[in-house]
Every structure is written in structure tokens, then in C-alpha cells.
Amino acid sequence: MEGMSEREYSAHSGLSRGAIQKARKASRLVVYSDGSINATASDVRRGEMTDPDQQRRSTGGDSGFSGPADSSSYLKARTALTVYQAQDKQLGIQKKKGTLVDRARAEALVFRLARQERDAWVTWPNRVAALMAAEVALGVEKQTGTPVIIEAAILQRVLEAHVRQHLDDLADLRVSLG
């Protein structure tokens, strides 16, 4: 016999006998004509044809990841791709269900609604000052029996001052979408 038997090569390489048989079937071993294994040539061929992470796992290596110098290992890249694909599918499902909205669109909508609300409050004193002046004057006249005139312009300025103060207080509120 020129080379090693499967058992001898298994002990030499630190692999199980089943792994040696698989490597032989996959032509990762150099075999002499008598069926024995050329250990030196087989080590080289296995090193060229086998993923380093796969070799480490088969020999009982640490976590299955290559060292820091091999940060782009196939296993790490495949795991990252799988995680990304799962997250992408989850986002797609959330979009279809309507539970996920576009952030820029949501911020624009909130801004537009806040501006409309502010504009409604700014114009409110102009719309109601005359009506309020008339109602207050009527109420005072009913209670005292004396006709009273309340200037709508004065009431409008007072209302505007209070509305502006209220809007300034609300301006400190911030909407956080993330």
C-alpha cells in the first residue's frame, strides 16, 4: 500500500471517517491506484476546494466563523443576507396591511395639519370679535338694565393677544416619529 487508509487519513486530518468518505466521493482527495490516500496531495486539494469555515466546523473549531482577518466569510454574508430578506418581507407585509407609512409623507401631513390649525386660530378673533362684543353687551344690559357698548376692535385685539400667546405655548410641542 502506497498511501494511507481512510482510518489513518482520518486520524491524520482530524476528520471523521464519514467526512473522509464524502471527500473521496467528491474528488477532494488524491487516491493512488491501489485505493490508498496520498495524504500530502489530499491535504492541499482539500484546502483549495473546501470553504475555510466548513473546515473549521468539521474539525470541531470554535463558533464556525473565521477569524478577524476573514470578516467577509461566506457564512457571515449569508446570515446577513437572510436577516435582510426576512426584514424586507416583514416591511412589505406591514405596508400591505397599512400599519407602516412613509416617514416623510407622515411628517409632511403632520406639518400641514398643524399649519392649518394655527391659521384657523389666527383668523378666529377676526371672525368672532363682533359677535362676542354683542353677546357681552347684551348680557351686561340684561343684568344691569343699562345699555353698554363694547368695541369689537378692542375685544378683537385682546383675543388676538391671548390666541397668539396660546399658539406660542403650543409652538414648543414637537412631534417625534422615530
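Begin with helix H6, which gives the most to the lining of the largest pocket, with seven residues. The model is predicted, so local features need pLDDT of at least 70, side-chain atom pairs count only at pLDDT 80 or more, and totals for chains, interfaces and linings use all residues. Residues are numbered from 1 along each chain as its sequence is written, and side-chain values use heavy atoms, without hydrogens and water.

Helices here are DSSP runs (H or I, at least four residues), numbered from the N terminus. Select 103-144 for H6 and 152-170 for H7; each supplies at least two residues of the pocket lining. A pocket is an open set of points on a 1 Å grid over the protein atoms alone, where a 1.4 Å probe fits, with protein on both sides within 12 Å along at least five of seven lines; lining residues have an atom within 4 Å of a point.

Next, display Ala-114, Arg-115, Leu-170, Ala-171 and Leu-173, the closest to the pocket centre of the 14 lining residues.

Stay on H6 and select Trp-121 and Trp-124, which lie three residues apart, about one turn of the helix. Their ring centres are 5.7 Å apart and their planes at 65°, so the pair is edge-to-face (six-membered rings of Trp, centres within 6.5 Å, planes over 60 degrees apart). Trp-121 is partly exposed at 32% relative accessible area, as is Trp-124 at 27% (between 20% and 50%, 1.4 Å probe, protein chains only).

Conventions: Rings of Phe, Tyr and Trp (its six-membered ring) pair if their centres lie within 6.5 Å; planes under 30 degrees apart count as stacked, over 60 as edge-to-face and the rest as tilted.
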